[in-house]
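Trainee: I would like to learn how to read a fold from its computed features. Could we work through one chain?

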Amino acid sequence: MSSYGLLLRWQLLRLRIVLPLIVIVQTALAVSVVLGFVFLAPTVDRQVALYLATGAPTLGLLVVGLATAPQLVSQAKLQGSLDYLRALPVPRLAYLFADLTVWFVTALPGLAAALLVAALRFDLDYRISLLVVPAVVLTAVTATALGYGLAYALSPSATAVATQLLVLVVLLFSPITYPAGRLPAWLSAVHDVLPFRAMGDIVRGALTGDGSGTASAYLLVALWCAVGLVTTYTVMLRRD
Amino acid sequence: MLDISHVTKRYRRRTGAVLANDDVSLRLGAGEVVGLLGHNGAGKTTLVNQIVGLAAPTSGRITLDGHDLVAQPALARRLVSLQPQGQVPLDGITPRQAIELLGRLRGGGAATVRRRTTELIAALDIEEWATTVGNRLSGGVRRLVGFCMAAVVPGLLVTLDEPTNDVDPVRRTALWSLVRRLGDEGHAVLLVSHNVAEVERAVDRLVVLDRGRVVAEGTPSALKARVSNPLRLQILLAPGVPVPEAPYGEPSTLDGRWWRLHVAELDVAPAVAWARDLAAAGTALEFSLTPTSLEDVYVELVGGRTVDREGVEVVV
């Protein structure tokens, strides 16, 4: 078996107690966004419903990648097990990709549940294209790579603060579950650079065929993905 | 095999620069078991971290079998297997699973790794916990599993950082014989410890680090021969009694009420008679004469406490 396969097995064994809990919480979060955010909107027309239905899975992917995964990296750092894993004769990328796989799979049930609940609640039909695979994979990998980059580069306490702040920004101040037009111009401009709106757009585009998954949105997310992967990889290689 | 040459490691901290290793040189041959002794903070773990590529020396060279480990940290991780100072990550995973996974990650074949895992678990008598998840294991068992993870597919060099912490005496003995066997199989073993008395039984040679520098190196008996007075007189002083003047035995150390003096062989008879007089006068409660241990040599090398004539402890 390859290093990747062995590490994947190790991670799944290591997390087998917490993973089901994470899946439950993460699924509940995605479903809650669909059902709960309705109360914030005065009227639920088809556009609002589609934003909620497709934004909830994106938020789920973001929360797993930006909050849950870095918390577990911080924990491993504090326990000293991260250094132990770094001393193993394993390619750094195998370690990174094994973790990315675990977090991607963890986020999938929430994604499916949110779409299903939204379809029933709002009586929606999706027009799912094959682009859903790259859109979801790219969003999940980017979120996790950024979360890992943070957790590797910062101290555990700084990571805790940064991830909480990010979740707040993503949940309330990012045009993922609502159109960007509702934001003040300056905040909308900030989201031209940050990856969050683009993530929402590519997932929504792939699920509804509304054309929001533009090439530039994919490119922006891919750039942030590279930033996260390069940061994580560089910090992994760093020696004291 | 392992050649550490003039390695210096300086860390920058907010409080200023810390010199963790200062011009350290040492060699280990194939099949040799070498103990690296030193106080907490003497620079032992820093040296190990540089060997396995977790830290890079500020200056100096580390080679193993001719390969430059500093330039090739990925190769270092393949050639060196490590039991870290901290506990190995066993949450959610059983000892058998962890040891087998490590063996496979180190490139061992499935059948060989399974057989070797069974052997190690049996040799350390930890079968009853072999399928218990790590969260429920005691510190000592986790430590032993950490050793097995380093030994299941050993590298050319095996580094063991405090392998017997929290381990019971019977299993310690079993572990030392496994360490010896690694040496007999041709692996170089670097054994990091501050447990002087115990390491003495397992090693061919000792290197003593103090404040980042190598202060002594040699076989246990060669190190013991450095002490000119090879016998030690231990006297338990009565409570409240001032430390008397010592006509025999210099230097002396005081540990609580235990007063230890090094005695030359020629002085043994009068020194014992003197100690007997102290006991008769009520100054001493008991006394004994023993050969100088490696621990005494170690204390002398890296500094301990001595007493001056007024019985005041002085740090040397």
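Trainee: What share of the contacts in chain B with a separation of 6 or more comes from residues 24 or more positions apart?

Mentor: Keep in mind that this is a predicted model. In chain B, residues 24 or more positions apart account for 68% of those contacts. The C-alpha trace of the chain spans about 70 × 45 × 40 Å along its principal axes, and 41% of its 316 residues count as buried.

Trainee: How many helices and strands does chain B have?

Mentor: Chain B has 10 helices and 16 strands.

Trainee: Which strand order does the open sheet of four strands in chain B have?

Mentor: For a sheet, read the order of pairing. Here the order is β2-β1-β4-β5, and the pairing is antiparallel. At the edges are β2 (16-28) and β5 (67-68) of chain B, each pairing on one side only. Between β1 (residues 2-13) and β2 of chain B there are nine bridges; Asp3(B), for example, has Arg27(B) in β2(B) as its bridge partner.

Trainee: Where does helix α1 of chain B lie?

Mentor: Helix α1 (residues 44-51) lies across β1, β2 and β4 (59-64) of chain B, and runs at about 70° to β2(B).

Trainee: Is Ala74(B) buried or exposed?

Mentor: Ala74(B) counts as exposed because it has 12 C-beta neighbours inside 10 Å. This residue lies in helix α2 (residues 73-79) of chain B. Its C-alpha is 8.7 Å from that of Val52(B), 22 residues apart in sequence.

Methods. Residues numbered from 1 in each chain as written. Chains lettered and ligands numbered in written order. Predicted model: local features only at pLDDT ≥ 70, side-chain atom pairs only at ≥ 80, totals over all residues. Helix = DSSP H or I, 4+ residues; strand = E, 2+ residues; numbered from the N terminus. Buried ≥ 20, exposed ≤ 12 C-beta atoms within 10 Å, placed from the backbone. Contact = placed C-beta atoms within 7 Å. Pairing = 2+ DSSP bridges. Axes fitted to C-alpha atoms, helices over the stretch in contact; angles between N-to-C directions.
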